[in-house]
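Please keep the sequence and the coordinates at hand while reading.

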Amino acid sequence: MTDSVINKNAWNKLADENIFLQFIDVTLRGCAQVMFQNNPLTGLFFFIAIFVGAFLENMPVVAFGCLLGTVVSTLTAYISKLDTVSLRAGLYGYNGCLVGVALPTFLENTPFVWLTIILGSIISVIATISLMDFLKNWKVAALTAPFVLVSWVILLASYSFLGIKGVALPDPALPQQYVQPIGNIPHSDLVVDVFRGISEVFLLSSMIVGVLFVIGLAVNSIWAAVFAVLGSLLAFAVATLLKGDFASIHTGLYSFSAVLTAIALGSTFNNPNFRVVVYAIVGVIFTVFVQGALDVVLEPFGIPTLTMPFVLASWLFLVPNQDLMPKHRQ
Amino acid sequence: MTDSVINKNAWNKLADENIFLQFIDVTLRGCAQVMFQNNPLTGLFFFIAIFVGAFLENMPVVAFGCLLGTVVSTLTAYISKLDTVSLRAGLYGYNGCLVGVALPTFLENTPFVWLTIILGSIISVIATISLMDFLKNWKVAALTAPFVLVSWVILLASYSFLGIKGVALPDPALPQQYVQPIGNIPHSDLVVDVFRGISEVFLLSSMIVGVLFVIGLAVNSIWAAVFAVLGSLLAFAVATLLKGDFASIHTGLYSFSAVLTAIALGSTFNNPNFRVVVYAIVGVIFTVFVQGALDVVLEPFGIPTLTMPFVLASWLFLVPNQDLMPKHRQ
Amino acid sequence: MTDSVINKNAWNKLADENIFLQFIDVTLRGCAQVMFQNNPLTGLFFFIAIFVGAFLENMPVVAFGCLLGTVVSTLTAYISKLDTVSLRAGLYGYNGCLVGVALPTFLENTPFVWLTIILGSIISVIATISLMDFLKNWKVAALTAPFVLVSWVILLASYSFLGIKGVALPDPALPQQYVQPIGNIPHSDLVVDVFRGISEVFLLSSMIVGVLFVIGLAVNSIWAAVFAVLGSLLAFAVATLLKGDFASIHTGLYSFSAVLTAIALGSTFNNPNFRVVVYAIVGVIFTVFVQGALDVVLEPFGIPTLTMPFVLASWLFLVPNQDLMPKHRQ
């Protein structure tokens, strides 16, 4: 580990001296902050995972969109001369990073979409400052809310504008009570499903991507990696117990928000102890309910929940965190 | 009255000394706080009313759910060692109390529902602290928002999970303009309807239950009882004048939120005087409009408004209350 | 200009001395504040424009509703003895002014609608104080949110109550992807469309009305007039480029919120300079996306967006405005 520390310090020194290397450093940290890690190596693993996953799913545009979004939002923060500490930690980059993943996933691949990624990434920075200011009183972070709000606006607008036409959005429909399908439920491999759930944080559904994400987390924080895996596992169990749609559970759609809630409550804003673990468990279970609820709320509008279940559940649990957890970090 | 005061003091002394009696005391107060009363005797009347109503409607599970919800949320507050003053006043119990009423009213009676009541009651406590913190700046109470938000999440999620299937939820539908039914409108008895409106605060529709609630209120505050009755009456009048659906008016569905607004604006957060009465009247009228509006908003999602019209209208009127009412209590 | 200044001072002096003239002065300022101008002459131009437009469109009730709404809300502020500086600037009048325009535009012309305008105007004042208080921490204005919220409640409630039946509301429907109509797109005159977009701020669609509004703005602030025209033009260009519905673009429906965003970000809360202009341009482009998105969100509920796209986009851009713009005015 000493080697790694030396390398890290050497890299940090280089990044301090060379503005070009610094920009690369901050861009990598931006990607890593999607899962709350302030570490360029984690970001590198994440980017590799995203490129692997995007090419595996024959959607290379998603990977390039992700890179573009992170670069543009980081650049916007530099040009706007925002708060240096937050800037260097990558806190203005992670929302643009996700905007860059989400838009090419759901919209037709035209030049317009690239312009929209650029615009969305710029506005994600404005939304981040706006939400940071708004939430300051309660010492709560903006989480991925800027990404979700900006992406929802653009995805909803895709129904109004032919220039940014949706191609992978669900058809708007009235909710119906879930009916268990008749016949054999396909086989599910628990290990594959748990890692798929983690890869869905970046809208990808692949075991190998999930494994790379966990390695990226472990590079910076073992606890973050542990909570990610346990969060995905617990969400899988809860959704199965409640008899949710098997295909959704299997693809990891009940897990990705829960993974983020688990990392946030378990390791980012608290030091793990018994009380914290119990709190994180309740938070993860509630996130699964919020996921099921928000799926229903968004059905008539034909847009996906993105990571909003995580944001809503975590805000609800983070505001009282200061009262309930003596050793919180907020 | 001297007797009652002596008994009250004797009871309070017992509750101070014996933790088991104290727990019963706080649980009763939790139920009473649904209508803003800090009095165990009021809570006792309310519980009796709920049991009477639930058995009259052949839904005993509702009464036991109510008891379970209040006990679990009170217990959660004790275990979490929350602020003693609020805890002893029952302020962590009333939302769980209502969660315990709402879930078995709308969901299939399976063991899952009982687990969901327990989970929902625990989360209602977290949501209460969260909202109390959020609203602190404006000196506004959380009201029944924690109950509504937690119950909405679970009721919406019932469309995603077969394990907590809805059985009494309205079918999701697009709103349509209300058309007055042709033929004779059934007879309506004003006195019955007014008390039914009060009983609907706990999702019950029965005159006797409403009368018991009013007695429970009067035990602690004559003004609260008076405003409850007048609020229900005024809401009945406004909805009738605006030509709302007769069956809904008759069942008390336009009244229950108005009852709570009337008590809150008229007696809980203000001392009654001319200015306050005018303000409360406008607030109650507006609550009827919000009820009509929220009914429409929730139609596509197939869930009931619960007491959200009261929460929204009262928040809107309570924030400026400090500027407008010199002798407010907030 | 000296003459005008002298007249202005003479008028102000008269208004200070005579309570009746003062009331007229404040009512006129209330109308002018819809576009952020604190000037009775601007208000006079606006009222003239509204009467011209309403009679041109054979909807005189809209003009009288507008007058009634402004008078009632101004009167409410006087009776409630609200903060004198805000009161005299017309800040309690502009929301009632718009409520008075919106309700008779969409609802059946019955005596109920007039009662509803009166009620809505009174509540718009309460909502204004409520939102002012709520937003105080972030030094952000309530904008036209009180108008939108109160009008949405009443328009939604029109589906529940036959007494306030809607006649010009869109039918509730599930969103569908926009398909470009086959055949010839009708001719569009850029100049006409740009001014129509400005007139739509008061829900009117007429070039002459738009011109009168711009003159009214110029009387008080050349910059406000410039930003109004450029905002409308830019929104027209963006919506056309994104291939939105031609009829909506042509009628000005993509412009009116953008006009308000442009005035707010460009001239009201900032002194125009290069940085501010860039910020306002991004804000206006985003407003067009929010308009497209909110149109989709409201389709299932059968109500119009009113000026909510402006409010949401401007709040998002005004919270960080203090950090980003050194010479802001908030």
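## Nonpolar core

In this predicted model, Phe202(B) touches Cys31(B), Val34(B), Met35(B), Phe46(B), Ile50(B), Cys97(B), Leu98(B), Val101(B) and Phe213(B), when residues up to four places away in sequence are not counted. Phe202(B) and Met35(B) also stand out within the largest nonpolar core, which has 336 residues: together with Met35(A), Phe202(A), Met35(C) and Phe202(C), they touch the most other members of that core.

## A buried threonine in chain A

Helix α2 of chain A, which covers residues 19-32, includes Thr27(A). Because its relative accessibility is 6%, and buried means under 20%, Thr27(A) counts as buried. Its contacts, once neighbours within four places in sequence are left aside, are with Phe47(A), Thr70(A), Val71(A) and Thr74(A).

## Relation between the copies

As for the surfaces involved, 15% of the contact residues of chain A recur in chain B, and the copies use different surfaces.

Chain A can likewise be superposed on chain C, by a rotation of 120° with 0.0 Å of shift along its axis and an RMSD of 0.0 Å. For this pair, too, Pro300(A) is the residue of chain A that comes closest to the rotation axis, with its C-alpha at 4.3 Å. Only 19% of the interface residues of chain A are also interface residues in chain C, so the copies meet through different surfaces.

## Interface of chain A and chain C

The contact between these two chains involves 32 residues of chain A and 39 residues of chain C. Between them, chain A and chain C bury about 3,000 Å², of which 75% is on carbon and sulfur atoms. On the chain A side, Tyr159(A), Phe161(A) and Leu162(A) lose the most area to chain C, and together they account for 21% of what that side buries. How many salt bridges does the rule find across the interface of chain A and chain C? The number found there is 0.

## Confidence

Chain A has a mean pLDDT of 93, and 98% of its residues reach 70 or more. For the model, the scores are ipTM 0.95 and pTM 0.95. Where pLDDT is low, predicted coordinates should not be read in detail.

How values were computed. Residues are numbered from 1 along each chain as its sequence is written. Chains are lettered from A and ligands numbered from 1 in the order in which they are written. This is a predicted model: local features need pLDDT of at least 70, side-chain atom pairs count only at pLDDT 80 or more; totals for chains, interfaces and linings use all residues. Side-chain values use heavy atoms; hydrogens and water are left out. A nonpolar core is a set of buried Ala, Val, Leu, Ile, Met, Phe, Trp, Tyr and Cys residues joined through side-chain atoms within 4.5 Å. Buried means under 20% relative accessible area, exposed over 50%, partly exposed in between (1.4 Å probe, protein chains only). Contact means heavy atoms within 4.5 Å. Helices (H or I, at least four residues) and strands (E, at least two) are DSSP runs, numbered from the N terminus. pLDDT is the predictor's confidence in each residue, from 0 to 100. Copies are superposed by least squares on the C-alpha atoms of residues with pLDDT of at least 70 in both. Buried area is the accessible area (1.4 Å probe) that two parts lose on being put together, summed over both. A salt bridge is a side-chain nitrogen of Lys or Arg within 4 Å of a carboxyl oxygen of Asp or Glu.
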